[in-house]
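Subject: Structure handover

Hello,

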Protein chains: 4
Amino acid sequence: MSEFDIGRSKRAREAFSFDDISVVPSRRTRDGADVNLNWQIDAYSFAHPIVAAPMDSIASPESVIAVSGLGGLAVLDLEGLWTRYEDPSKIYAQIAKADSFEATSILQKAYSQAIKPELVAARVSQLRSAGVVVAGALSPERTLQFHKTIVDAGVDIFVIRGTTVSAEHVSSRGETLNLKEFIYELDVPVIAGGVATYKAALHLMRAGAAGVLVGFGGGATHTTADVLGLRVPMATAVSEVAAARREYLDESGGRYVHVIADGAMGRSGDMVKALACGADAVMVGSPLARATDAPGRGRHWGREACHGDLPRGSVANFEQVGSMAEIINGPSRTADGTMNLVGAIRKSISICGYTDVKEFQRVEIITN
Amino acid sequence: MSEFDIGRSKRAREAFSFDDISVVPSRRTRDGADVNLNWQIDAYSFAHPIVAAPMDSIASPESVIAVSGLGGLAVLDLEGLWTRYEDPSKIYAQIAKADSFEATSILQKAYSQAIKPELVAARVSQLRSAGVVVAGALSPERTLQFHKTIVDAGVDIFVIRGTTVSAEHVSSRGETLNLKEFIYELDVPVIAGGVATYKAALHLMRAGAAGVLVGFGGGATHTTADVLGLRVPMATAVSEVAAARREYLDESGGRYVHVIADGAMGRSGDMVKALACGADAVMVGSPLARATDAPGRGRHWGREACHGDLPRGSVANFEQVGSMAEIINGPSRTADGTMNLVGAIRKSISICGYTDVKEFQRVEIITN
Amino acid sequence: MSEFDIGRSKRAREAFSFDDISVVPSRRTRDGADVNLNWQIDAYSFAHPIVAAPMDSIASPESVIAVSGLGGLAVLDLEGLWTRYEDPSKIYAQIAKADSFEATSILQKAYSQAIKPELVAARVSQLRSAGVVVAGALSPERTLQFHKTIVDAGVDIFVIRGTTVSAEHVSSRGETLNLKEFIYELDVPVIAGGVATYKAALHLMRAGAAGVLVGFGGGATHTTADVLGLRVPMATAVSEVAAARREYLDESGGRYVHVIADGAMGRSGDMVKALACGADAVMVGSPLARATDAPGRGRHWGREACHGDLPRGSVANFEQVGSMAEIINGPSRTADGTMNLVGAIRKSISICGYTDVKEFQRVEIITN
Amino acid sequence: MSEFDIGRSKRAREAFSFDDISVVPSRRTRDGADVNLNWQIDAYSFAHPIVAAPMDSIASPESVIAVSGLGGLAVLDLEGLWTRYEDPSKIYAQIAKADSFEATSILQKAYSQAIKPELVAARVSQLRSAGVVVAGALSPERTLQFHKTIVDAGVDIFVIRGTTVSAEHVSSRGETLNLKEFIYELDVPVIAGGVATYKAALHLMRAGAAGVLVGFGGGATHTTADVLGLRVPMATAVSEVAAARREYLDESGGRYVHVIADGAMGRSGDMVKALACGADAVMVGSPLARATDAPGRGRHWGREACHGDLPRGSVANFEQVGSMAEIINGPSRTADGTMNLVGAIRKSISICGYTDVKEFQRVEIITN
């Protein structure tokens, strides 16, 4: 990594966002029908590598089931509105009507309601009965408290997702999550993150994660950079974590941990770039918030936006461009990368002459 | 080429767009009357190196004949509106009235109409009777199907133009175009592209192309970067392909393949930069879409914008600044590089002290 | 420091602003409750490292006392409105109502009124009776004239603040301030600046300053770059001065001079970056101008904006987001880094796994 | 100079504009009263180094006399409105009322009127009777035709100003200006330009120029980059030409040719940067077009904007901020670098601790 002298006492590594790079076609092209987009993690297989993020604006039990039916993995937030309210439809309606000034306060109030363990179990069971791959997410802070409820209720994939998740959390008060022991004792595969550096990712891999979420502060609903000064541009973050995957593959004697880019991919072109930088899959929020059948009704927010005394996200407004089915699998009626996400990924891989995502990770890129 | 570490697992070459560079006058200046702008490809000679792109918004049979009369090469799209409709004037009118939201759907519908082989032949004959150099374009996908019709009808120059054209297209279903055999058997010179890299261009040259179109996703009507994540900034792309021309000139023992920059040149200054980077000619669309006598009536779109399930372009709106004649040969009444394109190229070459485009390719450039 | 050739006769060092960089979390995280934000300079200790700048828009005697009560250091401008007018409330009202066109003239007129020595003494005494740490600021030009009045009135910390303060001011007319002798003879600690380079900071440290203010021309109310062409991007400036602190610590055998970033930190994320670049504390204006209880009533200006014949700042308009207490200590209702500044700094340090500001100065940063 | 690979066949030097750099104060400051801003070229001495450009929008005979009275050099365009019309006041009125769409056509028509030799002589005489330093400008194309008239009428300084002026102009038709012979035979000092490179400047110096104008296409009224693709960012251009001055000083055994930055300096901060990069003086247009007593009445245009078939500039609209006297010598009522230009230059030099422009050319600069 090249470095800059910021001043005589500080150096900084050079980092790149998706906007800084582009993918370059090679001398061969390929028929799109010959491109295989399947993604497999642990025992679960999906038709494409697009994962719906555990965000209340896009993931209700109903929409999680719908998106699963469209071939991808969808994750429900198990400490969001659906485990705080028996029926959160009034809250959704409130948020949909709020102007941007009052939206944060409304979120803060809505998410201050206590999480109900019985609702956690009920939501998991509801997904299980629908026959989809059941994936639920908790923050690192709540994992100790609720994981038994969730595993007992029959989750297939366990997602631990926070602004930053580290293998080593230090606290002088009370019990903290020892991620390594936790994953070891758990029977289900764990996907954990966000991380943004080689070292942090390697530690999560060593702790046993089946997948690592790359990113923080990059998405449409994050203002982490403004509030906390934290940011790692995503092209660099994904490439760093992909390097950790290779290192860990070697040191573990063959364990392949999936790299899942999380956030900062508003358009299909960004997802293509994430794969080109080494991601195996992409977790997206805002592209699905544009669906007419998303629970957020055109509004989009993350869990950071709901923090009681330091909110770090806002409620974004998106034009609704089509159904979840059209957004994910097409056909598209827009030319801006917001519809037919799977078709766009397939087209890019075929134009560059590759056959699948793993091969495509070798594609040439340039800086813009 | 200098390279950057994007992250530990990925490197990227540094690339430059026309906006990143400028041309630098040298210590000598020259009288504009002493500058020779002639461009010759195969047996055909033109008064200037500006080529009208095969786009329905600027190229009807009538406007192709008109632009040819202004000294340049003009290409008709042989799988556009003019070979799908006996009289496409109603379609043009529809597009001219559409708002930007519905425009894509209107294009998708209009271009879903089947291509009529008899119209393909008729359009070529129409141009032939007008006595101009007859140039027609097909996409790589349609070339096998229609090339005989076209050659039989008497085309002079055959253009194969797609987002990406490669010398090697891989498909597991059916017959695909073997470009090398195809060109070898054809009696007319072939211009093919877009390409954006040294290697891809070299393969097209080896396949026998008389000219190579450089670019994709750069133009006013392209959103390739948003949708597909693909882009190669044009200054770099042209310079790479110009290097391939030199390499191929050597390995072929003297065959000079023309480098034609295609797209991302909205103003005459951009065309000057393309030539300075090594282009022999420039294929333009949007500058001519500003003509009062362009068939698009101020609207401009590319064939990508008409794709049925993954449109990658939009309908742009341009102020109409003058006639085709004024835009190409002047005089200009605007100061923004949209009129008197030929005059501007002549002026730049003369200010830098050179006598023709070939010499001007050596001019010094700087980064902005 | 890397350097560029601007041209054959001039080289320039590469410099970075806060917008150019971000902080990168490491592999460890820490409980926010375990982070210690105390800041101590000379004999005075504060709950956090945020210093309110000596600017009339945010610092009246009343608000200085209030901000002190919120745990930080607040400085009163002793050559501003409060020492020119017995009661400046009419002036404040005038500025609050002025449109941007006439605001500069109103400031020029208001600040042309003579400073009254008896008011200088009275303001200091007023702060002293409130029991807060008394800090007052003068420009280098007025220091000789008023410092005795101020010290006699019982100031605890003396601030000398100008666009540029140097240890060596050369003049052919009359008496000038010899900073080294002045500080030596003074009984109270002196904070001086702005400076922006290693060398200038080292000279101020050798002159005896207890703290050095880093910056000029970066703040919301400065237009120094437009008017004077002077600017040093803040990330570089802070890092340079932090290097001078280390050099001086060594050459003085252990005297630790505080580095206080001053200006260009409109959001909490910027303050985090200043600390990451080596600052011990941050002096802020515009973030506090957003307080409903700031004397400027949403207007914000610096002393440069009041210059009689070369004003170098304007009157900015800020939305009032909450009380001083909420802005500094939270809770926040906004997601843009304008509220709960202390909470944001604490959160960043904890996410990066550090325990205090001194440790946090080692955190990794990247360029955006 | 560092260079980039644009692509395999083209390299480009890295260049910097004034916006890319800033001036850095050193450890010393100086009393502004001790700064000497005098500028002397040939036998003529001026109170400050600001030169009013030969542009009809700012330079009528009356305003040239007025600006001269404010201490600087002012140049009249001798092939502009004042030598085409006995009384151009109607033309000025027309331009002042034109909307931006029709302005170019109005200029083209107005400047198509023939130049009257008797008016050329009369304007020079008018300036001479006013007792000011008489400076008149011609383009290289008109120099042969009118220089005798002008010299006979008693010009003190002869300015040859075009987009690009080279020492070697090549033409196959008729007589061209041999600059070296021309200057040698002329009795008055010649200032010539624009140039933007070391080599071109060195040739002008060897041809005998007393001063060299640096720049083209950078100013508010230029659109050279859009139309012609030509541009050299000014910080680099000035530094290159300053290096040529040093080279020529050596090879000529002591002849000091003045480097005059011309254009792209809209604010006083830009003028400071030009001097910091090595300029001896600055020729400005747009800053003076903001004067209430400029002949353009808030409109501003260059001679390129009037070209008959390839106009390369537009008519800009400026807010009128104050009188010529206030703009040049202050006092200022604005904080954006548009008033008290001389005061701002003086202030910057004093803050950086220097005594005059020649010393200030050594000041440290950074990239932003």
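In this predicted model, 46 residues of chain B are in contact with 54 residues of chain A. Contact means that two C-beta atoms, placed from the backbone, lie within 7 Å. On the chain B side that touches chain A, the elements giving two or more residues are β1 (3–7), β2 (10–14), α3 (100–110), β11 (168–170), α7 (198–206) and α8 (224–228) of chain B. Helices (H or I, at least four residues) and strands (E, at least two) are DSSP runs, numbered from the N terminus. By type, the chain B side splits into 17 nonpolar, 17 polar and 12 charged residues. Here Ala, Val, Leu, Ile, Met, Phe, Trp, Tyr, Cys and Pro count as nonpolar, Asp, Glu, Lys and Arg as charged, and the others, Gly among them, as polar.

Conventions and thresholds, briefly. Residues are numbered from 1 along each chain as its sequence is written, and chains are lettered from A and ligands numbered from 1 in the order in which they are written. Since the model is predicted, local features need pLDDT of at least 70 and side-chain atom pairs count only at pLDDT 80 or more, while totals for chains, interfaces and linings use all residues.

Strand pairing also links chains A and B. Strand β4 (residues 28–30) of chain A runs parallel to β11(B), joined by three bridges. Strands pair if DSSP finds at least two bridges between them. A:Arg30 sits opposite B:Val170 in β11(B).

The copies use different surfaces, as 2% of the contact residues of chain B recur in chain A. Superposition is by least squares on the C-alpha atoms of residues with pLDDT of at least 70 in both copies.

Next, chains B and D. Chain D can be laid on chain B by a turn of 90 degrees and a shift of 0.0 Å along the axis, with an RMSD of 0.0 Å. D:Ser2 comes closest to the rotation axis among the residues of chain D, its C-alpha at 8.7 Å. Again the copies use different surfaces: 2% of the contact residues of chain D recur in chain B. The contact takes 46 residues from chain D and 54 from chain B. Elements of chain D that each supply at least two residues to the side touching chain B include α3 (100–110) and α7 (198–206). That side of chain D divides into 17 nonpolar, 17 polar and 12 charged residues. Strand β4 (residues 28–30) of chain B pairs with β11(D) in the parallel sense, over three bridges. B:Arg28 stands opposite D:Glu168 in β11(D).

Some chains stay apart. Chain B and chain C do not touch, and their nearest C-alpha atoms are 12 Å apart. Chain A and chain D do not touch either, with nearest C-alpha atoms 12 Å apart.

The largest nonpolar core has 526 residues. Such a core is a set of buried Ala, Val, Leu, Ile, Met, Phe, Trp, Tyr and Cys residues joined through C-beta atoms within 7 Å. A:Val212, B:Val212, C:Val212 and D:Val212 have the most contacts inside it. Leaving out residues up to four places away in sequence, B:Val212 touches, among others, B:Ala192, B:Leu204, B:Met205 and B:Ile260.

Chain C gives a closer look. C:Ile191 lies in strand β12 (residues 190–195) of chain C. C:Ile191 counts as buried because it has 28 C-beta neighbours inside 10 Å. The cut-offs are 20 or more other C-beta atoms within 10 Å for buried, 12 or fewer for exposed, and partly exposed in between, with C-beta atoms placed from the backbone. Not counting residues up to four places away in sequence, C:Ile191 touches residues including C:Ile157, C:Val159 and C:Leu213.

Strand β10 (residues 157–161) of chain C is mostly covered, with five of its five residues buried. C:Ile157, C:Val159 and C:Arg161 point one way from β10(C), and C:Phe158 and C:Ile160 the other way. Strand β9 (residues 135–138) of chain C pairs with β10(C) in the parallel sense, over four bridges. C:Ala135 stands opposite C:Ile157 in β10(C).

Last, confidence. Chain A averages a pLDDT (the predictor's confidence in each residue, from 0 to 100) of 93, and 98% of the residues score at least 70. The model scores ipTM 0.94 and pTM 0.95.

Best wishes
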